[in-house]
Amino acid sequence: MTTTQKKNILILGGSYAGLSTAHYLLRHALPALPDQPSYQVVLVSPAAESIWRQACPRALLSDDMFPQDKIFHDIRSMFAQYPAGSFRFVHGAATSLDHAARTVTVDLAAGIGGSGSNSQEKVLEYHALVIATGASTASPLLGLTRDEKHLRQSWAALRRALPSAKSIVIAGGGPAGVETAGELGEHLNGRAGWFSSRLANPKVPITLVTAAPALLPVLRPEIARSAELLLAKVGVTVIKNARVQSVSPPTAGTDDVVVPTTVTLKDGRVLAADLYIPATGTRPNTGFVTDPALLGGDGRVKTDPATLRVDGAGERVYAIGDASSAFRPAVHLILEAVPALCANIKRDLLVAAATDGSSIASSSLPAEKTYVEDTREAQMVVVGRSRAVGALMGWRLPGWLVWLLKGRDYMLWVSGGLWTGKQWAKEAA
Ligand SMILES: Cc1cc2nc3c(=O)[nH]c(=O)nc-3n(C[C@H](O)[C@H](O)[C@H](O)COP(=O)(O)OP(=O)(O)OC[C@H]3O[C@@H](n4cnc5c(N)ncnc54)[C@H](O)[C@@H]3O)c2cc1C
């Protein structure tokens with residue numbers, strides 16, 4: 001079926017980038033368009049709920065860690081506040097983009113893993129398209145690799161296995177690996193006292209393997225060393241300069257969240273684990289972008305970093321967030337880019353409306369906005385329930401301040417404003 005009645009502003013993805021863009025456009029772009037009822041924001045996501053992904057390393061331990069209504073949010077309810085007909089949610093996964101025909105095919109039955117034999121396809125035309133499909137981790141414990149039900153099932157399987165686990169191996173020395181190791185370490189082993197540099201004989205030894213010479217490559221070496229010392233206090237041993245070459249069975253940590261695993265490192269060392277968690281970076285969810293010319297070598301959509309337009313895909317096509325090449329994957333950068341992206345979408349929609357015959361004085365067109373990525377050292381990393389390290393705007397922050405900002409609840413305190421759209425109450429100047 002093809003939907004032609006309205007001019008669709010199609011947003012693919014229901015997380016930080018997609019939801020923020022939808023709220024911003026509904027608040028500040030649609031009301032400025034002539035014949036506003038002829039436009040509709042259509043948001044496509046295989047998950048009916050958004051997840052506060054940053055909190056996954058602690059949320060996976062138990063539902064008691066956080067109020068669940070703050071971790072998961074129903075997407076349809078977030079947008080009930082807008083005028084009838086201005087928003088539509090399509091529960092499905094984009095499976096193919098035809099940028100010449102300006103359509104996206106959506107599988108209503110499938111999760112991100114791909115369409116099943118019972119796939120039900122829907123073809124959506126778009127007047128404007130925003131690609132915000134993010135990126136997935138290999139481990140289903142650390143975000144929406146499929147949908148919220150799959151995430152909850154994966155957490156439940158892990159929780160059943162934790163009481164009898166004797167050893168855990170985590171691959172990946174970035175923030176996801178460090179935070180997951182720290183949370184599991186403190187939860188299972190407790191924390192060494194003030195005068196001990198490491199926890200002797202932890203109940204569940206945890207090994208964190210990284211291919212890099214240090215943890216947390218985004219941060220300066222002193223901060224990475226602090227994180228390593230804090231991990232030692234909760235029973236985590238770090239192996240550096242060691243790449244995981246293979247795991248047996250090959251489905252360990254991905255399709256099989258809980259399975260005894262043999263982890264073989266490139267240098268020949270072999271580690272045995274009751275639980276293996278791969279936290280080694282992410283893979284962009286861009287399989288539906290069938291034209292390889294639109295993708296960079298890393299699978300992200302080639303995006304103009306200043307305008308956030310995908311120039312190779314025709315008029316009014318944009319990308320933001322982890323699926324886009326525009327900037328590094330981080331929530332604060334997405335939130336900084338949303339106003340520039342939406343200003344440019346609004347401008348492009350007004351230009352298109354003028355071309356269609358609406359009387360819009362060129363002097364009333366908003367100026368083009370340019371996004372400039374803040375490349376200063378910035379990352380906050382939680383190490384267990386009560387410790388943290390990090391830097392912001394190029395400055396090293398004291399651990400207690402990082403804990404106050406992020407460590408208490410993984411910044412759930414800002415989630416309400418983001419998911420309700422209140423964060424975007426004012427249009428950026
Ligand atoms: C464990 C972990 C902890 C992190 N902690 C932090 C942190 O503390 N601070 C920070 O700045 N960053 C953190 N990050 C990175 C941060 O989570 C990402 O930068 C952010 O989630 C990217 O947001 P996004 O909206 O681009 O995409 P994602 O959050 O990846 O969401 C993608 C959305 O697109 C949907 N989708 C996927 N495929 C399709 C499809 N084919 N069709 C339609 N929809 C689709 C998904 O269901 C989802 O709704 C962390 C990442 C991980 C894994």
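**Loop residues**

I started with L216, which sits in the loop between β13 (206–209) and α7 (221–232). Helices (H or I, at least four residues) and strands (E, at least two) are DSSP runs, numbered from the N terminus. The phi angle of L216 is near 45°, a positive value in a residue other than glycine.

I noted what I am working with: this is a predicted model, where local features need pLDDT of at least 70 and side-chain atom pairs count only at pLDDT 80 or more, while totals for chains, interfaces and linings use all residues. Residues are numbered from 1 along each chain as its sequence is written, and side-chain values use heavy atoms, with hydrogens and water left out.

Next I looked up P249, in the loop between β15 (244–248) and β16 (261–265). A cis peptide bond joins S248 and P249, with omega about 0°.

**Ligand**

How many residues surround the ligand? I read 30, and the closest are S15, A94, D322, V331 and K406; a residue counts if one of its heavy atoms lies within 4 Å of the ligand. By class, this shell has 16 nonpolar, 11 polar and 3 charged residues.

I then listed polar contacts (pairs of N or O atoms within 3.5 Å). A ligand oxygen is 2.9 Å from a side-chain N or O atom of D322. For the side chain of R53 the distance from an N or O atom to a ligand oxygen is 3.0 Å. With T133 it is a backbone N or O atom that lies 3.4 Å from a ligand oxygen. Taken alone the ligand exposes 1,000 Å², and the protein buries 91% of that (Shrake-Rupley method, 1.4 Å probe).

Which element gives the most to the shell around the ligand? I read α8, with 3 residues.

**Second largest pocket**

Helix α8 (residues 331–355) also gives the largest share of the lining of the second largest pocket, 4 residues. I checked the rule: on a 1 Å grid, a pocket is an open set of points where a 1.4 Å probe fits, with protein on both sides within 12 Å along at least five of seven lines, and lining residues have an atom within 4 Å of a point. This pocket has a volume of about 150 Å³. Its lining has 4 nonpolar, 2 polar and 5 charged residues, including R309, D311, E315, R316 and D348.

**Salt bridges**

I read a count of 16 salt bridges (a side-chain nitrogen of Lys or Arg within 4 Å of a carboxyl oxygen of Asp or Glu). In one of them the side chains of K406 and E179 meet at 2.8 Å, N to O. K406 lies in helix α9 (residues 399–407) and E179 in helix α6 (residues 175–189), so the pair ties together parts 227 residues apart in sequence.

Methods:
Grid points are joined across faces, edges and corners, and a volume is the space filled by probe spheres set on the points. Ala, Val, Leu, Ile, Met, Phe, Trp, Tyr, Cys and Pro count as nonpolar, Asp, Glu, Lys and Arg as charged, and the others, Gly among them, as polar. A polar contact is a pair of N or O atoms within 3.5 Å; within protein, one must be able to donate a hydrogen and the other to accept it, and residues adjacent in sequence count only if both atoms are side-chain atoms.
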